[in-house]
Amino acid sequence: MTFYKDKPDEECGVFGISGCMSQPAAYETYLGLYALQHRGQTSCGIAVNSEEADIFCRKGMGTVPEVFGEAVMDSMTRSHPASCAIGHVRYSSSLEAQQDSTQPFVMRYAKGSIAIANNGCLVNADALRQNLEKDGSIFQTDSDAELIGHLVARQRLLKGTLEQAVQAAMPMMEGAYCCVLMSRSKLIAFRDPRGQKPLCLGKVGEAFVVASESCAVTSLGGELIRDVEPGEILVIGKQGVTSISTPKAEKGAFCVFEYVYFARPDSIINGLGVHEARYNAGRQLALEQPAEADIVAGIPDSGIDAALGYAFESGIRFAYGFVKNRYVGRTFIESDQMAREKAVAIKLNPLAAEVRGKSVVLIDDSIVRGTTSAHIVENLRRAGASAVHMRISSPPFLYPCHYGTDISRDDLLFARRQAAEHIRLQIGADSLGYLSIRGLRKATGSSRGICDACFTGHYPVEAGKSGDKFSKKLERL
Ligand code: SF4
């Protein structure tokens, strides 16, 4: 048995809310996590604050509705009608320690309790962990969130306030992180100095919200205020929102793959709508990789926005080429007997009335492992398409990611092993064309400071390289 999967996965989404008056914070967090579900379906959790008692946390394996059924939410909101909460959704490619690593973590130490959740990956995690272990820290998991919790708690014993402890801990951490941290009296959010993962601030009624994507704010009927700045710490309490700036990196490194695939199209990141970025990429793709065809179709979901852009720029009619089965989820299992193309068609069936006898420009956002594309092309031909011109609205995915996605092994990268013509033959398309890196930068705003290392190999920070420097800093502190 194998699981149906042919795209990289983002590893997490975070959410925090403070100042809820009309609804319990746990319920608003549940809704916020629902909106962030695309960022992780392996496990999820919610921690609620209580000024009277200790922080309460509920978490488990599965999607938000699987972990937080009606009875669970009912009991949680009755027993803990708190005004502040944090939540987390997680994807994990590892089958080990999934239960233990489910976030948020609640940590109890000399100054009280904190709950913490993170999105991202520290490249100097091993060095930091070794130093803390030498000093007597004991870790339950290999999660960076737990590690960051230890760093902050340790600094809290030396500094005055929790936000000062966060400020002291941040220079020790290298890599990508976006954290929500909650004590019994406040919510703190902080983002790495390169701003590699998305994090925004919004308002829902009287409450302030921080979330990985603005779709979690607007889905709750709220308004996006702004992105949390790279290196910024936000402290949200009874007095409202206080911002503390820590040094930004010289150059930003926002993950361009958020625009390509990870984020929801209704989210706005760095002032640019994700739909707009994908639409721009589709327009640029039409200029760089024209094709003669009758219709343009996108592979749902993230290929659709780029297909609309391609159709607009090329003047070729956009058509819905597929019907997507909304009920095939993360647990869809292919039996060994089931033909792969049959499994693909169960998820994504061509709309024969649109494609029969037509030459089709088929748009996808990326080819990573390449296992599905051949079956989609094959199924389109079976439905009567006379030609299939595959166009990819990003460059070939050539290098592994070290910052919290699951593409981290070179041997998984299809495009690196094969020449473009070989890939075209393998997927059975009549032609194949990728968007250039210049085109992608143009579509997403090159001046914004982006990470595109999985396409270029230019890493904003190399895994392991900065470990020694930051370990020394830790020792000094
Ligand atoms: S390497 Fe790619 S997937 Fe990883 S953070 Fe950079 S752009 Fe995003």
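This is a predicted model: local features need pLDDT of at least 70, side-chain atom pairs count only at pLDDT 80 or more; totals for chains, interfaces and linings use all residues.
Entry 1, strand 10. I began with strand 10, residues 200-204, and looked up its burial. Four of the five residues are buried, so I put the strand down as mostly covered, taking buried to mean 20 or more other C-beta atoms within 10 Å of a residue's own.

Entry 2, partners of strand 10. I then checked the pairing on either count. With strand 11, residues 207-211, strand 10 pairs in the antiparallel sense over five bridges. In this pair I found leucine 201 opposite valine 210 of strand 11. The hairpin of strand 10 and strand 11 has two residues between the strands, and I noted that glycine 205 takes a positive phi near 60° there. With strand 12, residues 223-227, strand 10 is again antiparallel, over four bridges. Here I noted lysine 203 opposite glutamate 223 of strand 12.

Next I traced an open sheet of six strands and wrote its order as 6-7-8-9-13-14, with antiparallel pairing. Strand 6 (105-109) and strand 14 (240-245) stand at the edges; each has a single partner strand, so one side of each lacks a neighbour in the sheet.

Strand 8, residues 175-182, and strand 9, residues 187-191, run antiparallel and are joined by five bridges. I located cysteine 179 and found it opposite phenylalanine 190 in strand 9.

How values were computed
Residues are numbered from 1 along each chain as its sequence is written. A residue is buried if 20 or more other C-beta atoms lie within 10 Å of its own, exposed if 12 or fewer, and partly exposed in between; C-beta atoms are placed from the backbone. Two strands pair if DSSP finds at least two bridges between them.
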